[in-house]
Amino acid sequence: RQVTAMGSVRVRSMRGGDMSVPFAASSSFGELRALVAQRLGGASTSILVHHGEVVKDQELVSTRMKGEEEVIFFMEIHQPTSEDNSARGTVDLLSSSSLTEFSNNLMQRIQQAQQAQSRASQPLVQPQQQAQAHRTSRQSPQSQDERHNAELITQLVDMGFPRARAEKALRVTGFDLMDAVNWLAEHQEDAAGAAPPAPTTPPVVPPKVKALESVFEPVFQAIALAAHGNDEVRRSLERVRLPAMEDDGWRGFSACVQRIWKGERDAGSLCVSLDPNTAHFVRKVIEFVEMPEKDLLTQIDDDSRHALPRDPQFETILNQLKPNLTRLAVFATKATKVAFGEAEMTDAEEEGQLVTFVENMEKANYQLKTIWDMLCAGVRSSQDLFDCIVPLSNGKPDDRSFRIVRFMLKEISILEK
């Protein structure tokens, strides 16, 4: 469609420098963003930033841009390229003496800690994967079949089911582990009728599940915050954390959380179709939800507010990265003043070293480039910045990059007071 040009606006891109882009009275920022992306060769994902705020595509350009003196920043979203979260490997070292802390030993620890976190975030067992592996494996002699069946019984017992019930479920379902779990969930009433009432003692929780309980405690607290009306925490849980836990094997947990948010509190009815480990998590959530809000608020921390599982190894990593992340924060505050015409140009040599550092972190699959560009352009909204951290290629949330951004925001907040 033909439009009458009303004016032009100066768009600054980190890749293409400054450009003058025409706009019409009816032009939206979405159309402007698409035009800039086309000029730059087609950026797959991008945003526009004006005076430190990410503008919405549906806004009209004329509502903000009053002439050529107005500058808008075009930011490309750089997504991780590694095929696996654990592939965060060695960051290339810089020649600058101020960056020598990135030793091979440090990066090995980063990789090891990342792999440990990936393993720790998963439930004790993953029945569907194990059953599939057993179904497709080549069965030979009778002794191997017996060992296979014994392993399945052990896995069900480890999940909290009585041995006799586990053996019966496997026999009924042809020793298919996933089908056996479903059978046990569907025939709980049969078990209740066939046995005397169980003592009123809490179920025994395997040690590994107790350890995971500590890791996920901030997530349980975040769910309780959402139950008390914190909509921002709830959006974060629904968008990232709950789907990730379902993918990790905590089947039915997300649906139970939604029921809790609607007001259900009876653990018995909520947990009726869950495996014992997931049911234990639901009971812990109910404990926090039923806690008075003032008592809950005394226990939460930043991880709880952002629904992040605990990551004990990250503190060691952060201590090593901290000097250079602080340098990035200092430079971002200066660059923001330059962008707003409040200061002279920044140190080119310092900028070159930091650009190289950011590029090396990106190679190690830490999402830092887009975030630093936005910080330099004046963006200070934590939600806008966190929204740019996309899941890793294996579908897992990139919690480490999230924590790095959170640290940089705190540093900038201190510097700009």
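Analyst: Here is a walk through that core, with the terms explained along the way. This is a predicted model, in which local features need pLDDT of at least 70 and side-chain atom pairs count only at pLDDT 80 or more, while totals for chains, interfaces and linings use all residues. Residues are numbered from 1 along each chain as its sequence is written, and side-chain values use heavy atoms, with hydrogens and water left out.

A nonpolar core here is a set of buried Ala, Val, Leu, Ile, Met, Phe, Trp, Tyr and Cys residues joined through side-chain atoms within 4.5 Å; buried means under 20% relative accessible area, with a 1.4 Å probe and protein chains only. The largest such core has 43 residues, and Leu325, Leu328, Leu368, Trp372, Ile404 and Met408 touch the most other members. At least two residues each come from strand 3 (46-50), strand 5 (71-76), helix 15 (314-339), helix 16 (348-363), helix 17 (369-376), helix 18 (382-387) and helix 19 (399-415). Helices (H or I, at least four residues) and strands (E, at least two) are DSSP runs, numbered from the N terminus. Helix 15 gives the largest share, 11 residues.

Now zoom in on Leu368. Leaving aside neighbours within four places in sequence, Leu368 is in contact (heavy atoms within 4.5 Å) with Leu325, Leu328, Phe357, Val358, Met361, Glu362, Ile404 and Met408.

Apart from this core lies another, of 35 residues, including Phe220, Val233, Val282 and Val285.

Elsewhere, helix 1 (residues 29-39) has Phe29, Gly30, Leu32, Val36 and Ala37 buried. Just after helix 1, Gly41 takes a positive phi of about 95°.

Definitions and conventions
Buried means under 20% relative accessible area, exposed over 50%, partly exposed in between (1.4 Å probe, protein chains only).
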